[in-house]
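Here are my notes on the model, point by point. Have the viewer open while you read.

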Amino acid sequence: MPLPAPASHEVIVRIKAASVNPLDLKILAGQKQAAFPVNFPYTMGTDFAGVVETTGDGVTGFKHGDRVAGRLSPSAGGAFAEYAAVPADLLSHIPAGVSDEQASALPTAAATARQALFNVGKLLPGQHVLIHAGAGGVGSFAIQLAKQAGAYVIATASEHKLDLIRELGADVAIDYHNSELLEHLGGMHLVLDTRGGETLARSWATVRPGGSIVSIVDNTIKPRDEIQAVFTAIKHDASVLSDLLKDVEATRLRVLADSTHILDDAHGALEHLAAGHSRGKVIICIGS
């Protein structure tokens, strides 16, 4: 592909790292064309970290050499590449103490966790929250954010990841293969559904009257009886990403990196995530 030129209010970013999200797999499979229509040729990837190469007319706050992170529109894509043209208002400065790999992991997963728990789920200190797939990209951030907010955190994961989610802050760790434990769990103020299907179906019984389920995967979910239920999709906000980057720099937020791949093995990164066994984020390292 030719090196892009910046339009007005755009920045050309030399990408150093990108992270893979489940949404990338759905776009690759053609499952999101209605929500995020793409035109070919199409370069995949939304989440990235890199260095400002050039800026277009009207750009303020960014200059050549600045380290930045951001999230591209899924319809535009472009993160799995050496360079990308990015609207300046999508960018956040990366603090000195945060690596490119850490920064690239945050835009979708950490922001989704924060939005689902607090903006949508209205989680408060002392409340009980159930977080599914606690060792995954969104789940690993959600456990930490909920615990720091003073919630009592119950999280699910496969048996060999239970110690990990306890390290992240889960008060109770449940093997998701043990459906009996989940069926006897009750009193949740909030459930964060990251899996849908049978996991979501079993979650209804865990929620107290007046509680909520927030799903990031099932856009058909509807309230039932006295339980609120809502689907949420990430809305990128550069100021939120800036806050999350500061949390990582201050070691308040841990980035769980499962594996790293080179750009020539982007397909391997996608396949690894699709296998469903990753711990945290899968990262593509692009430039030195």
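1. Start with strand S7 (residues 152-157): 5 of its 6 residues are buried, so the rest of the structure largely encloses it. Buried here means under 20% relative accessible area, exposed means over 50%, and partly exposed is in between (1.4 Å probe, protein chains only). Helices (H or I, at least four residues) and strands (E, at least two) are DSSP runs, numbered from the N terminus.

2. Before going further, the ground rules. This is a predicted model, with local features needing pLDDT of at least 70 and side-chain atom pairs counted only at pLDDT 80 or more, while totals for chains, interfaces and linings use all residues. Residues are numbered from 1 along each chain as its sequence is written, and side-chain values use heavy atoms, with hydrogens and water left out.

3. What does S7 pair with? On one count, strand S6 (residues 128-131) runs parallel to S7 and is joined to it by 4 bridges; Leu130 has Ile154 in S7 as its bridge partner. S7 also pairs with strand S8 (residues 172-175), again in the parallel sense, over 4 bridges, and Ala157 stands opposite Asp175 in S8. Two strands count as paired if DSSP finds at least two bridges between them.

4. From S7 the chain crosses through helix H5 (residues 162-168) to S8, in a right-handed β-α-β crossover. S6, H4 and S7 also make a right-handed β-α-β unit. Right-handed means that, with the strands pointing away from the viewer, the path from the first strand over the helix to the second runs clockwise.

5. Now look at Gln144 in helix H4 (residues 137-148). Gln144 counts as buried because its relative accessibility is 7%. A polar atom of its side chain lies 2.9 Å from the backbone oxygen of Ser140. Residues up to four places away in sequence aside, Gln144 touches Leu168, Arg252, Leu253 and Arg254, contact being heavy atoms within 4.5 Å.

6. Lys246 sits in helix H8 (residues 238-249) and is partly exposed, at 48% relative accessible area. Leaving out neighbours within four places in sequence, Lys246 is in contact with Pro95 and Arg252. Lys246 and Pro95 are 151 residues apart along the chain, yet their C-alpha atoms are separated by 6.9 Å.

7. On charges: the whole structure has 11 salt bridges, each being a side-chain nitrogen of Lys or Arg within 4 Å of a carboxyl oxygen of Asp or Glu. One of them joins Arg14 and Glu53 (3.4 Å, N to O). This pair links distant parts of the chain, with Arg14 in strand S1 (residues 10-20) and Glu53 in strand S2 (residues 47-55), 39 residues apart. Arg14 is partly exposed at 29% relative accessibility, and Glu53 is partly exposed at 26%.

8. Arg71 is in strand S3 (residues 67-71) and Asp47 in strand S2, so the pair ties together parts 24 residues apart in sequence.

9. Last, Glu198 and Arg202 form a salt bridge, with the closest N and O atoms 4.0 Å apart. The two are 4 residues apart in helix H7 (residues 197-203), which means about one helical turn separates them. Glu198 counts as exposed, at 63% relative accessibility. Elsewhere, salt bridges that share partners join Lys16, Arg67 and Asp100 into one network.

Technical notes
Polar contact = N/O pair within 3.5 Å; in protein donor to acceptor, adjacent residues only side chain to side chain.
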